[in-house]
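Here are my notes for a first look. Please read them with the structure open beside you.

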Amino acid sequence: MAQHAEIGHRVVSSPAGRIHLVEQGAGPLVLLVHGFPECWYSWRYQLPALAAAGYRAVAVDVRGYGRSSRPAATDAYRMTELVEDNVSVVRALGEESAVVVGHDWGATIAANSALLRPEVFRAVGLLSVPYAPRGGPRPSDVFARMRAGGGDEEFYVPYFQEPGRAEAEIEPDVRGWLAGFYAALSGDSMPGPGAPDPHFVREGGTLRERFPAGRVPAWLGERDLDVFAGEFERTGLTGALNRYRNMDRDWEDLAGYDGAPITQPSLFAGGSLDASTTWLADAIEAYPVTLPGLVSSHLLDGCGHWIQQERPDEVNRLLVDWLAGLPGS
C-alpha cells in the first residue's frame, strides 16, 4: 500500500550532468523543488504524506546542491537551465507530465518550469515566495537601491551576488551559520521588531552578526542540522549561491515572457511573518491577473519562511487537498 512505500534514492541524467532525487510512493508525479540553503531533505515531511495520499513524490537536489552536479561556470545556474533539469527528471522517471511544487528559490524555479514548459508541468504549487512575472528594471539595479540604516546597510542579495564574499563568511563554520540563518527566518525564533534586520549587512559586517544568538527554531533538530550542514560542508556554498548570481541573466533570458501569467492550476502558501510574503504583498494581490488558475492562497499565522518544515501538517493538508482536486489526480 502507498502509505508503506519506502523512500528511495536515485541519480538521473540531466543537462547539469546528474540530478540526485529521493522518491516515495506511486501514482501521479509530484516534483518537489527546494530553496536556499537546503536540499531534498527539506521535504522529509511531505514525501511520506504525499505517498500515503496516492502520489509519486519526488524531491530533487537542485543543480549545485547535495549529490547533484555542480557545474563550474556561474552561468550554468541560470533559470532556463534549472527548468530543463526539472524536465529531464520527469522524462527520466518515465512520465509525460508532473505537478511541480517549490519552496523559496524552488518556488521561482517551479513557477518558471510551469511558465516555460506548460506541456510538462500541469499544475504548480508555490511555498513562501509568490509568483511575480518578469518585468521592471534590471534586478541588480533594484537590489542595489534596497539599503537600510540610512543607506549604510546592504541588502543580502547583492552581498550573495559577489563571488566568494558570502562563501568567506559561511564556509569556516557552515553548521553554525546555517543554524543562525534558519533561526533568523523562523517564526518562533526570528529577531524581534526592534532588532536589526537580518536581511541587511552593515558596511564591513556580516549577515551572521544579525542572527539571533542562542535561539533554535522548534522544527530544527540536531539530526536535521546534521543533514543540512553535512551536505554544505562537503559541497561548499558556491553552487547554491550561483542562483543569486544569475538574476540579471534570467531577466535577459526571459524578456519574451515579460508580465506573462501562469495559467495552470496553482496554489500558494506562505507564512504571515515571512519577509518574502510581506515585501511581495503586491505580487500576492496581483494573483487574479498573474495566476488566473489559482485554486487557493493561504497565509499561515505566526509562520516564518521555512513553511513546510515549520508547519508540516498544515502544509501537507493544503497540498493533498489541492492535488486531489486537480484534473487527472
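1. Strand β8 (residues 153–155) is joined to β9 by 3 bridges, and the two run antiparallel. Two strands count as paired if DSSP finds at least two bridges between them. Strands are DSSP runs (E, at least two residues) and helices are DSSP runs (H or I, at least four residues), numbered from the N terminus.

2. A word on the source. This is a predicted model: local features need pLDDT of at least 70, side-chain atom pairs count only at pLDDT 80 or more, and totals for chains, interfaces and linings use all residues. Residues are numbered from 1 along each chain as its sequence is written, and side-chain values use heavy atoms, with hydrogens and water left out.

3. Back to the sheet. It is open, has 3 strands in the order β7-β8-β9, and its pairing is antiparallel. The edges are β7 (147–148) and β9 (200–202), each of which pairs on one side only. Strands of a sheet pair through backbone hydrogen bonds, either parallel or antiparallel.

4. Ser14 belongs to strand β1 (residues 8–14). Why does Ser14 count as buried? Because its relative accessible area is 12%, and buried means under 20% (exposed is over 50%, partly exposed in between; 1.4 Å probe, protein chains only).

5. Which residues does Ser14 touch, leaving aside neighbours within four places in sequence? Ile19, Asp85 and Ser88; contact means heavy atoms within 4.5 Å. The side chains of Ser14 and Asp85 also make a polar contact of 3.3 Å. Such a contact is a pair of N or O atoms within 3.5 Å; within protein, one must be able to donate a hydrogen and the other to accept it, and residues adjacent in sequence count only if both atoms are side-chain atoms.

6. There are 24 aromatic pairs in the structure. Tyr156 and Phe160 form an edge-to-face pair, because their ring centres are 5.5 Å apart and their planes at 80°. Rings of Phe, Tyr and Trp (its six-membered ring) pair if their centres lie within 6.5 Å; planes under 30 degrees apart are stacked, over 60 edge-to-face, the rest tilted. Both residues lie in helix α5 (residues 156–161), 4 residues apart, about one turn of the helix. Phe160 is buried, at 0% relative accessibility.

7. Trp177 and Phe181 are stacked, because their ring centres are 4.8 Å apart and their planes at 15°. They sit 4 residues apart in helix α7 (residues 174–184), so about one helical turn separates them. Both Trp177 and Phe181 are buried.
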